[in-house]
Amino acid sequence: SSFPAQFRNRISVIHDGIDTTLASPDPAVSPLTLPDGAVLSAGESTITFVNRRIEPYRGCLPFIRAIPAMQQACPDARIVIVGGHEGVAYGQPAPTGSWRDLCLAQIRGQYDASRVHFPGNLAYGPFLQLLKLSACHVYLTYPFVLSWSLLEAMSTGLPIVGSATAPVQEVIRDGENGLLVDFFAPQQVAEAVADLLRNREQATKIGAAARQTVLANYSLEQCVPRHLQLLRLVADGVLQASP
């Protein structure tokens, strides 16, 4: 919709596709040891949050502000925040230091730092292992490009707490395959997370619906044939490629 009207009927929107075999539920997933020595095991109350870089565009501020309330509601939970600490992938760099440190300064003295983990960026294998061990995944973003990590988390059957912003609302239907909250409301984030951790029957149902969404619309099996069909239409002259 951001393109001029005369070009819109010449644009095909096709997702790259998610490998739903690799990103799949695994009840027998092995424990994962984080770089700080913490060991995560299946069945624990692990909350995950993923950024390429920890930065405002991807919701680091409201999520970190929600940590005290999440810990108050779920004191046994471990919170794992994946992403690089330095620089940004999108938006402006932090005015001083890193966005992670600026965000944490806002909750200093209000949370148990021993149960909050910053492993940095993870290789793909451990990243998927972490998702499969997680009990709840939080994804917050400005109206922007949707992250592959959200669809991979959904593909593993994870219940999602997402921001009610344009890209997330394309994928998540509130109360059906995820829970949507106000991007600027950390208390809502904490309450939704606590709801999923306490009500595991609801969480399992939402997670299963999330995986079905990805299987039906974003899997490689769905997306690759669409790419090939588009290429054939151009190759056969049915569609004229723009110069």
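**Strand 7.** I began with strand 7 and looked up which way its side chains go: Ile-160 and Gly-162 point one way, Val-161 and Ser-163 the other way, and all are buried, where buried means under 20% relative accessible area with a 1.4 Å probe and protein chains only. In a regular strand the side chains alternate between the two faces of the sheet.

**Basis.** I note that this is a predicted model, in which local features need pLDDT of at least 70 and side-chain atom pairs count only at pLDDT 80 or more, while totals for chains, interfaces and linings use all residues. Residues are numbered from 1 along each chain as its sequence is written, and side-chain values use heavy atoms, with hydrogens and water left out.

I then traced the open sheet, whose six strands have the order 5-4-3-6-7-8 with parallel pairing; strands are DSSP runs of E with at least two residues, helices runs of H or I with at least four, both numbered from the N terminus, and two strands pair if DSSP finds at least two bridges between them. Strand 5 (116-120) and strand 8 (179-181) stand at the edges with a single partner strand each, so one side of each is left without a neighbour in the sheet. The twist averages 20° from one strand to the next, with axes taken as lines fitted to C-alpha atoms, for helices over the stretch in contact, and angles running from 0 to 180 degrees between N-to-C directions.

**Partners of strand 7.** Three bridges join strand 6 to strand 7 in parallel, and Tyr-139 has Gly-162 of strand 7 as its bridge partner. Three bridges also join strand 7 to strand 8, again in parallel, and there Val-161 stands opposite Leu-179. I also checked helix 4 (residues 124-133), which packs on the sheet and touches strand 3 (46-53), strand 4 (78-84) and strand 6 (136-139), its direction making about 150° with that of strand 3; contact means heavy atoms within 4.5 Å.

**Cores.** Which residues have the most contacts inside the largest nonpolar core? In this core of 38 residues they are Ile-47, Phe-63, Met-70, Ile-81, Val-138 and Val-193, a nonpolar core being a set of buried Ala, Val, Leu, Ile, Met, Phe, Trp, Tyr and Cys residues joined through side-chain atoms within 4.5 Å. Leaving aside neighbours within four places in sequence, I find Val-193 in contact with Ile-47, Met-70, Cys-136, Val-138 and Val-161. A second, separate core has 30 residues, including Leu-32, Ala-38, Val-80 and Ile-172.

Terms used:
Buried < 20%, exposed > 50% of the residue type's maximum accessible area, 1.4 Å probe, protein only.
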